[in-house]
Amino acid sequence: MASKKGRVFSGARPTGRQHLGNYLGAIKNYVALQDDYECIYCIVDIHALTTVETTEDLVDNTYDMALDWLAAGIRPEETIMFVQSHVPEVMELHTILSMVTPLGKLTDLPTFKEKVRLQPNNVNYGLVGYPVLMTADIALYKTDVVPVGVDQGPHIEFAREIVRSFNYRYHTNVLVEPQMKNTEIPKVLGIDGKEKMGKSNNNHIELAATPEETRQRVMQMVTDPARIKRTDPGNPDVCNVFTMHKIFSPADEVAMINVECRRAGIGCVECKKRFAANLNANLEPFRQKRAALAENPAQVWDILHEGAGRARTIARQTMAEVREAVGLPK
Ligand code: SF4
């Protein structure tokens, strides 16, 4: 670990089987960061409680997400991968940090206002404190770097403010102000070609879908809306299928489609069949690894528990320092 550039932390809610949007927007980056950083990846089940209506799928969703992360290339022998609630110290730090966080700032945050708009009948206390718990997640592990997309920058800036307030209030430097690592996170559209890919929009393609299920989803993808007939020339620049080709297809095939689409030399059906074949070929190693891991679910839980044990060692040390800095009785 000594040769690595620092410690990365990132968390994601347990959303179950992951889709292409999750992969391109987060998991791919998680895998790459392991080469340069000591990584801690957390499935944030407590955060999920602020918005979920039922927890009956929580265990299955946590397991499926962990399975997908592992199959995609998270290396648990070096990376700490765990479930947030398995390290209860985060709740204690959350409480302590809440005392240095102005309530008005929390209720002014656009993300809070948006949640209020989306779930007016469930504006709970946890929802207001969400950014404080997020800060606790980051600070508990003395995180150096948090990977963020452009729109997430304000959250980390707010986390930095909370950490600064704590250190200032208690005349300490126990907590580390995390740096942001801006990451190019593509906006992955769903098969409707309009909305961001997501389960709630039912426009997603699951990584673990079978090749046939994947092909069927790809064949439903919306293409250039102005291309009505096979003989109409298309515009790949406005076509989500082409965007995906650029990610998953060989360069010569992408170049061919770019030319042939514009002169109606290739039809959308053939274009989508080609994409489905290339996507399935790309996903084959993932699927094989996932199937092998799924034969032994206990092993996946062991990895999560072992990760929590390693995370907890760091967390306990941080909390001992925090309690000392605050001046709590021993
Ligand atoms: Fe899109 Fe391909 Fe159809 Fe062109 S041929 S509009 S790139 S699906």
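Colleague: By class, which residues does the shell around the ligand have?

Modeller: The shell has eight nonpolar, one polar and two charged residues, where Ala, Val, Leu, Ile, Met, Phe, Trp, Tyr, Cys and Pro count as nonpolar, Asp, Glu, Lys and Arg as charged, and the others, Gly among them, as polar. A word on the model before we go on: it is predicted, with local features needing pLDDT of at least 70 and side-chain atom pairs counting only at pLDDT 80 or more, while totals for chains, interfaces and linings use all residues. Residues are numbered from 1 along each chain as its sequence is written, and side-chain values use heavy atoms, with hydrogens and water left out.

Colleague: Which residues are around the ligand, then?

Modeller: They are T223, D224, R227, C239, V241, F242, I257, C261, I266, C268 and C271, each with a heavy atom within 4 Å of the ligand.

Colleague: And which elements give two or more residues to that shell?

Modeller: Those are α10 (240-248), α11 (251-262) and α12, where helices (H or I, at least four residues) and strands (E, at least two) are DSSP runs numbered from the N terminus.

Colleague: What is the space taken by the ligand?

Modeller: The ligand takes up the largest cavity. A cavity here is a set of points, on a 1 Å grid over the protein atoms alone, where a 1.4 Å probe fits but cannot get out, and a molecule sits in one if more than half of its atoms lie within 2 Å of its grid points.

Colleague: Is T223 buried or exposed?

Modeller: T223 counts as buried, at 15% relative accessibility; buried means under 20% relative accessible area, exposed over 50%, and partly exposed in between, with a 1.4 Å probe and protein chains only. T223 lies in the loop between α9 and α10, and, not counting residues up to four places away in sequence, T223 touches C239, V241, C268 and K272, contact being heavy atoms within 4.5 Å.

Colleague: Changing topic, how many salt bridges does a search of the whole structure find?

Modeller: The search finds 26, taking a salt bridge as a side-chain nitrogen of Lys or Arg within 4 Å of a carboxyl oxygen of Asp or Glu. One of them joins the side chains of E206 and R17, at 2.7 Å from N to O.

Colleague: Why does the E206 and R17 pair tie together parts that are 189 residues apart in sequence?

Modeller: Because E206 lies in the loop between β5 (179-182) and α9 (211-219), whereas R17 lies in the loop between β1 (7-12) and α1 (20-33). R17 itself is partly exposed, with a relative accessible area of 27%.

Colleague: Where do R274 and E270 lie?

Modeller: Both lie in helix α12 (residues 268-294), four residues apart, which is about one turn of the helix, and their side chains meet in a salt bridge of 2.9 Å, N to O. R274 is partly exposed at a relative accessible area of 28%, and E270 is partly exposed at 38%.

Colleague: What about E306 and R310, where do they lie?

Modeller: E306 and R310 both lie in helix α13 (residues 297-326), again four residues apart and about one turn of the helix. Elsewhere, salt bridges that share partners join K4, D35, R75 and E78 into one network. For E306 and R310 themselves, the salt bridge between the side chains is 3.3 Å, N to O.

Colleague: On to the backbone: what is phi of K142 near?

Modeller: Phi of K142 is near 45°, a positive value in a residue other than glycine. Most residues other than glycine have a negative phi. K142 lies in the loop between α7 (125-140) and β4 (145-148) and counts as partly exposed at 23% relative accessibility.

Colleague: And A264, what is its phi near?

Modeller: Phi of A264 is near 60°, also positive in a residue other than glycine. A264 is placed in the loop between α11 and α12, and A264 is buried, with a relative accessible area of 16%.

Colleague: Last one: which residues is G11 in contact with, leaving aside neighbours within four places in sequence?

Modeller: G11, which is found in strand β1, is in contact with Y30, C42 and V44 once those neighbours are left aside. The C-alpha atoms of G11 and I43 are separated by 5.7 Å, although the two residues are 32 residues apart along the chain.

Terms used. On a 1 Å grid over the protein atoms alone, a cavity is a set of points where a 1.4 Å probe fits but cannot get out, and a pocket is an open set with protein on both sides within 12 Å along at least five of seven lines; lining residues have an atom within 4 Å of a point.
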